[in-house]
Amino acid sequence: MATSGVGEDKYRKFLYGEGERDTKWRFGSPPNYDAVNKLFEEGRTKVWPPGSLEEKVQNLVKTWEMEMFNKTCFDDYKSVDLKNYTFSLNGMKPVTLEEKRKLGGGYNTFLQTSLPEKFRVYNPAEETVESAHVAFTTAFPRGFALEVLQVYSGPPVIVYKFRHWGYMEGPFKGHAATGEVVELHGMSIFEVHPTLISCGRILYSFSGFFFLFFYTFNSFVFLPNQVDEHMKVVKVEFFMDRGELLGGLMKGASLDGSAAEAAPACPFLTGTG
C-alpha cells in the first residue's frame, strides 16, 4: 500500500525521509495517516496557532504514538530516551520499553486493568499487539484521532489534557457498529530531556588585552515553549477511564461469531492519533 506521496506528515516527525530508510515497520512500510489526519481536521475542537506550545505538544504526542504503535525495533525510536524511558497508566507501576512489549504494546498498554478477568470485556492479557490492532482498526476504519485540549505546563514536565475520538463504523468484540462517535478523555504527563542548542563562550585573555574568542559547543537547556525533535521523552504517565472507550464500543447489538469476525481495515489507511 502506498504511503503519503509528499514524503512527510505535517503532524509527525520521524515517519519519512533518509533517517527512516532502515526503520523496521510493523506492517512493512510507513503507515499512512491521511485518513486520520482528515478526521482530526474535521472533528477537532481546538485549532492551535502555528508555533504555539499547544501545537508543539500535540505534534510531540502524535509522533510518540506513531513510533510506539508502528516501529518494531527500539533502536528506531527517536522521540524517547531508550535507556531511561518508562510508561505508567493510572498510577500503576512504571514499566520499561521491554516490559511494555511484554504487555502487548499498542492498545494493550493503554487498556491495562485490575478488574478480575471474568469482568473484562476487553482483556489485554489475552490480546497480542496484532489482534488488538485488528480489533480497533476494524471498529475505527477512519482511525482514532487525537487532539490536545489544554497544556498546563511546558518542558521539562509537560502536563496536558487530551481527547481521542473515532467513528465506530465496524464491529468490536461481538458488538455491531453504531456509526456513532466514541470518545476518550484524559490527562497525561510527559517528562522530557532538554533541547540541544549551540552557545558561545570566552576562551582566554592575553598580555593585558582581552581577546574574545567564541566557539560553538552543544549545551542542553530549556527554552520557553521549546518543544522540538531534539527532545527525548523520559517518562510518560496517562490518567484515563478505559470504560469511557469500551463502553462506547459495546453499545451496538450483539452479533453471532461469524459476523463479529469482520475483515479488518487496511492498517496503512488508519491510525491512532
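Reader: Which strands does helix α2 lie across?
Author: In this predicted model, helix α2, residues 53-70, lies across β1, β2, β3, β4 and β7. Its direction is at about 130° to β2.

Reader: What order do the strands of that sheet have?
Author: The order is β1-β7-β4-β3-β2. The sheet is open, has five strands and shows mixed pairing.

Reader: Which strands stand at the edges?
Author: β1 (86-89) and β2 (145-153). Each has a single partner strand, so one side of each is left without a neighbour in the sheet.

Reader: And how are neighbouring strands turned against each other?
Author: By 20° on average, with direction ignored.

Reader: Take β2 and β3. Parallel or antiparallel?
Author: Antiparallel, with seven bridges joining β2 to β3, residues 157-167. The two strands form a hairpin, and three residues lie between them.

Reader: Which residues of β3 stand opposite S153 and E147?
Author: S153 stands opposite V159. E147 stands opposite R163.

Reader: How many bridges join β3 to β4?
Author: 11, and these two strands run antiparallel. W165, for one, has E183 in β4 as its bridge partner.

Reader: Where do the side chains of a strand go, in general?
Author: In a regular strand they alternate between the two faces of the sheet.

Reader: Switching to packing. Which residues have the most contacts inside the largest nonpolar core?
Author: W64, F136, Y160, F172, F190, F238 and L249. That core has 48 residues. Helix α2 gives the most to it, with seven residues.

Reader: What is L249 in contact with, leaving aside its neighbours within four places in sequence?
Author: F136, A139, F140, M168, F172, H175 and V182.

Reader: Which residues does the second core include?
Author: W25, Y33, V36 and F40 are among its 12 residues. This core is separate.

Reader: Now helix α5. Why is it called largely enclosed?
Author: Eight of its 11 residues are buried, so the rest of the structure largely encloses α5, residues 129-139. The buried residues are V129, A132, H133, A135, F136, T137, T138 and A139.

Reader: What do those buried residues pack against?
Author: Against α4 (106-110), β3 and α6.

Reader: On α6, where is R242 found, and is R242 buried or exposed?
Author: R242 is in helix α6, residues 242-249. R242 counts as buried, at 11% relative accessibility.

Reader: What does the side chain of R242 reach?
Author: The backbone oxygen of L111, at 2.7 Å. R242 and L111 are 131 residues apart in sequence, but 6.1 Å apart in space, C-alpha to C-alpha.

Reader: Which residues is R242 in contact with?
Author: L111, Q112, T113, L115, R120, Y122 and P124, leaving aside neighbours within four places in sequence.

Reader: What polar contact does the side chain of K71 make?
Author: One with the side chain of E67, at 2.6 Å. Beyond four places in sequence, K71 is in contact with F14, E20, T23, K24, W25, R26, M66, D76, Y77 and K78. W25 also belongs to the second core.

Reader: Zooming out. How many helices and strands does the chain have?
Author: Seven helices and seven strands. From the N terminus on, the elements run α-α-β-α-α-α-β-β-β-β-β-β-α-α.

Reader: What share of the residues is buried?
Author: 47% of the 273 residues in the protein chain.

Reader: And what share of the contacts is between residues 24 or more positions apart?
Author: 69% of the contacts with a separation of 6 or more.

Reader: What about confidence? What is the mean pLDDT?
Author: 85 for the protein chain, with 80% of its residues at 70 or more.

Reader: Where does pLDDT stay under 50?
Author: Over residues 197-219, for which the model has 31 contacts beyond four places in sequence. Residues 258-269 also stay under 50, and there the model has 26 such contacts.

Technical notes: Residues are numbered from 1 along each chain as its sequence is written. Side-chain values use heavy atoms; hydrogens and water are left out. Two strands pair if DSSP finds at least two bridges between them. Helices (H or I, at least four residues) and strands (E, at least two) are DSSP runs, numbered from the N terminus. Axes are lines fitted to C-alpha atoms, for helices over the stretch in contact, and angles run from 0 to 180 degrees between N-to-C directions. Contact means heavy atoms within 4.5 Å. Buried means under 20% relative accessible area, exposed over 50%, partly exposed in between (1.4 Å probe, protein chains only). A polar contact is a pair of N or O atoms within 3.5 Å; within protein, one must be able to donate a hydrogen and the other to accept it, and residues adjacent in sequence count only if both atoms are side-chain atoms. A nonpolar core is a set of buried Ala, Val, Leu, Ile, Met, Phe, Trp, Tyr and Cys residues joined through side-chain atoms within 4.5 Å. pLDDT is the predictor's confidence in each residue, from 0 to 100.
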